[in-house]
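Biologist: I would like to learn how to read a structure such as this one. Could we go through some of its features in turn?

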Amino acid sequence: MNERTKPLKKWQAVAGAAIIAVVVGIGVLQLNLADSSEASAMPMSDLEDVPGFRFVNGDMDEDQYEVEELAREYLVVECMAASGWEYTAAPSVVVEMNESGLTEEYVDPNDSITAALSEDQLSEYYLALYGTSSPDELVQEENTDNGCLQKAHAEIPGVFELASQLAVETDALEVEISNDPQTTEASAKWEVCMSEKGFKYGSVDELLTALQNEPAGQNKTSKAQLAEKENKNSCGPELRKDKRAAAVKHENAFVKKHKVVIEKFKKKHALAFAQAEKIVEAHQE
Amino acid sequence: MQRVLVVAGVCALTGLFGSTATAADVLYEPAEAWNGKRVYLSPATHNPDKQGCGDYKENAASASIAEAAANSAYADSYYVANPRDRNNLRGLGYRVRIGKGTYQSAVINSNAWNAHAHVPIHTNATTFRCTATTSVGEGTWVMHGATSTQGKALSQKILAELKTRSPGANDKTCVDTVCSIGSLHEISAPNAPSAYIEAEFHTWNKGVAWIREANVKWGYRIAVGIDNYFGKPRG
């Protein structure tokens, strides 16, 4: 599991108190310190400072998304109430699996509300929430922006708004990075590293394909499993570091190229995020 | 801090699905380092649910498949005992959300989260032939939009992992407007490339039996297909 290192804010402490299931068993919430130290040693590009584009600090984007999602839920509560419907904020839940057993099953707080509605009432409820009375039809008549949910998203578009708008450009960026000679060299270096450990694989892809195609139940001493152990402990981290170094120059050029739109978004998002935090805090006081 | 839910296995997890009241997702963090990709899985949430042979219900079965793709290694003692945890989305380094609302909310959430792949998961239906032992038109279909080259590529990669495992002989990728009832919302509306899986037909026994083995035998192959589409990114 990834480590999230931001200090707890007030809303987080309150949300923590609302945890719906108690984690039991050792190891469920264990932090992968190796990953975290590897991440901290990664070369950083200017993209790490752009909300929605972060990779090394990708948890920051997820943390912001989490606040924004909760704020949207509270906006939906208000919007639904204005239409005469009861709605309980129900943000997403993180699932952690544990061999030792189920502690408590998640129950959506709105299930009991909708279960009590007649068919006609449910259609009206959906119309208010989604802007369509049949949001569970496979083919939707038309896209609507009239529901409380869509309105909440319009008010708080969120951390990934610009990343979504620049999806084509980021796809092109990925191609540039993978075609960079430095990336190719990093892969060649990995091959030598693995070879020195006694494993002949032409690429990480080849090793991972071998792993994925092993018969189910293959034990830990298979050649591919042993090679993967070496990859994970020695050759892999170096490869990722080298590839990241290659990526940095392209990502910095990307930021430079889109500087105007990025700076504009950063300002807009900072304001929207502050608003989201205010909404959450106001509802949790 | 986000709400945390601890579940033991797929039987418990299926209790999370089937509601269409709200728009919340279920999240899975990568088991180790994030590989930079976000995958949105959207299992069927029909209302009313679709029935199949025996006591089969599509919503719970689709949720089980999605869970297997996201996290199979932790959901079954066989895979816990045998180190296959790389072969699910969590193990492969993906961030995963599984939608539990409606098809509308799934698309809205997938787009807001800027998912890199959107994968609806359903099971198919035709005339009931519950005692049949030989397939006629049954098999696994993966649908995509007519003009989406990325959706088509994603569909092909996923089908490549399922077609030799699915019992029916009619495995294929196809355009939704050709193979389905029309332009499917979860193919046309997501920003991410969409590959819409119809994992076998629940209208014959062999299909149902296979679908029910997703968590122990083949659900993780969806993860492998997605991983192959992305070129096995590992940070």
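**Loops, cores and a helix pair**

Modeller: We can start with a loop. Asn114(B) sits in the loop that links α4 (103-112) to β5 (117-124) in chain B. Bear in mind that this is a predicted model.

Biologist: What is the phi of Asn114(B)?

Modeller: Phi of Asn114(B) is near 55°, which is a positive value in a residue other than glycine.

Biologist: Is Asn114(B) buried or exposed?

Modeller: The cut-off for buried is under 20% relative accessible area. Asn114(B) has 11% relative accessibility, so this residue counts as buried.

Biologist: Which phi value does Lys232(B) have, and where does Lys232(B) lie?

Modeller: For Lys232(B), phi is near 50°, a positive value in a residue other than glycine. Lys232(B) belongs to the segment after α10 (220-229) of chain B. The relative accessible area of Lys232(B) is 8%, so Lys232(B) is buried.

Biologist: Which peptide bond is cis?

Modeller: The bond from Asn47(B) to Pro48(B) is cis, and its omega is near 5°. Pro48(B) is in the loop between β3 (38-43) and α2 of chain B.

Biologist: Next, the nonpolar cores. Which residues of the largest nonpolar core touch the most other members?

Modeller: That core has 39 residues, and Leu41(B), Ile158(B), Ile197(B), Ile222(B) and Ile226(B) touch the most other members. Helix α2 (residues 58-71) of chain B supplies the largest share of this core, 5 residues.

Biologist: What is Ile222(B) in contact with, leaving aside its neighbours within four places in sequence?

Modeller: Ile222(B) is then in contact with Ile65(B), Ala69(B), Ile121(B), Ile158(B), Leu162(B) and Ile197(B). There is also a second, separate core of 28 residues, and its members include Val67(A), Tyr130(A), Ile279(A) and Ile108(B).

Biologist: How are two packed helices described?

Modeller: By the angle between their axes and the distance between the axes. Here, helix α6 (residues 148-155) of chain A and α4(B) have axes that come within 11 Å and cross at roughly 10°. Angles under 35 degrees count as roughly parallel, and α6(A) and α4(B) are therefore roughly parallel to each other.

Biologist: Which residues make the contact?

Modeller: From α6(A) they are Leu149(A), Gln150(A) and His153(A), and from α4(B) they are Gln104(B), Ser105(B), Ile108(B), Asn109(B) and Ala112(B). Sorted by class, the contact of α6(A) with α4(B) has 3 nonpolar, 5 polar and no charged residues.

Key
Residues are numbered from 1 along each chain as its sequence is written. Chains are lettered from A and ligands numbered from 1 in the order in which they are written. This is a predicted model: local features need pLDDT of at least 70, side-chain atom pairs count only at pLDDT 80 or more; totals for chains, interfaces and linings use all residues. Side-chain values use heavy atoms; hydrogens and water are left out. A nonpolar core is a set of buried Ala, Val, Leu, Ile, Met, Phe, Trp, Tyr and Cys residues joined through side-chain atoms within 4.5 Å. Buried means under 20% relative accessible area, exposed over 50%, partly exposed in between (1.4 Å probe, protein chains only). Helices (H or I, at least four residues) and strands (E, at least two) are DSSP runs, numbered from the N terminus. Contact means heavy atoms within 4.5 Å. Axes are lines fitted to C-alpha atoms, for helices over the stretch in contact, and angles run from 0 to 180 degrees between N-to-C directions. Angles under 35 degrees count as roughly parallel, over 145 as roughly antiparallel, 65 to 115 as roughly perpendicular and the rest as oblique. Ala, Val, Leu, Ile, Met, Phe, Trp, Tyr, Cys and Pro count as nonpolar, Asp, Glu, Lys and Arg as charged, and the others, Gly among them, as polar.
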